[in-house]
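Let's take a look together at how the chains here meet, and at how one of them is divided up. The sequence and structure come up next.

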Amino acid sequence: MNSIHDMGGMEGFGPINPEENEAVFHYEWEKPIFGFFFCLFAGGQINVDVFRHAIERLGNLHYLEGSYYEHWLGAFQTLLVEGGTVTIEEIDAKMTELKGDAN
Amino acid sequence: MPHDHHYDPLPDTELRVRALESILVEKDLVDPAAIDLLVDTYETKIGPRNGAKVIAKAWTDPDYKTRLFENASAAIAELGFSGVQGEDMVVVENTDTKHNVVVCTLCSCYPWPTLGLPPVWYKAAPYRSRVVKDPRGVLAEFGTTLPDSTEIHVWDSNAELRYLVLPQRPAGTDGMSAEELEELVTRDSMIGVKVIAAPA
């Protein structure tokens, strides 16, 4: 697919700014997303090809605004919903529930 | 917006992760203990020290180096490094006239068994977009300046094929053991954005 992910040769993204002694994960929420990859792969809910295809369908704005593991999160949600494993309503309801717990 | 290392999550990312994790655990599709183990493995066991062992062996064992170019995945597996995101490896060698640098313009393909998980800059738009168009400019941002006579080859990784750069062995290291040489090998030199300095 030809979309924003195909970045080779584009201009205007600014300096690279490599970080010294960078941590493997930068936020706690990145860790479960990383783990989902292996669990869902082992469980047969995803494979490399459908995962890649789902990343490429994220939408240009989300792709640019989101970070690496947010791309993964979006792809997992797409594939789990398309595969009938979860529904968007289930996710929304759980988010509302967890948000309530936090207040 | 992710800009260099101080990227912030989108507004509902953290909540969405917790919700999805909770649902997947309820459905018995995700095991939190397995996630903890995976995270620990990639934080502490699988990283660029693995790749450094491959490089030091290639520098000190000519037969190994031959095998590394014949079948990189098999030669790397000899040292115990194989598996996810390193199934099909290719090693490219730096010389006095040729320098190699690796990118994944489409995403962030990276050889996990030898280098671990990629740094943020490798996954972000500035590096991915620019290194294929202006490799010398990008290398300069890493403090790397090569002679104009050195050809730069940029290798674009993909979901199947992953590259590892064999850096040049620095001068003044003739008497060093493979173990000592390993310590000189950096992650960035195996991606190809830096060269290895001679030991002080």
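## Domains of chain B

In this predicted model, the centres of domain 1 and domain 2 of chain B are separated by 31 Å, taken over C-alpha atoms. The domain assignment places residues 13-43 of chain B in domain 1 and residues 47-191 of chain B in domain 2.

## Where chain B meets chain A

Now to the contact between the chains. Chain A contributes 45 residues to the contact, and chain B contributes 51 residues. On the side of chain B that touches chain A, five helices of chain B each give two or more residues: α1 (13-26), α2 (32-44), α7 (120-123), α8 (125-130) and α9 (135-141). Of these, α1(B) gives the most, with twelve residues.

## A closer look at B:Leu15

Which residues of chain A does B:Leu15 touch? Leaving aside residues up to four places away in sequence, B:Leu15 touches A:Met95, A:Leu98 and A:Lys99.

For a sense of distance within chain B, you can compare B:Leu15 with B:Arg130: the two are 115 residues apart in sequence, and their C-alpha atoms are 34 Å apart in space.

Methods
Residues numbered from 1 in each chain as written. Chains lettered and ligands numbered in written order. Predicted model: local features only at pLDDT ≥ 70, side-chain atom pairs only at ≥ 80, totals over all residues. Contact = placed C-beta atoms within 7 Å. Helix = DSSP H or I, 4+ residues; strand = E, 2+ residues; numbered from the N terminus. Domains from an automatic or database assignment.
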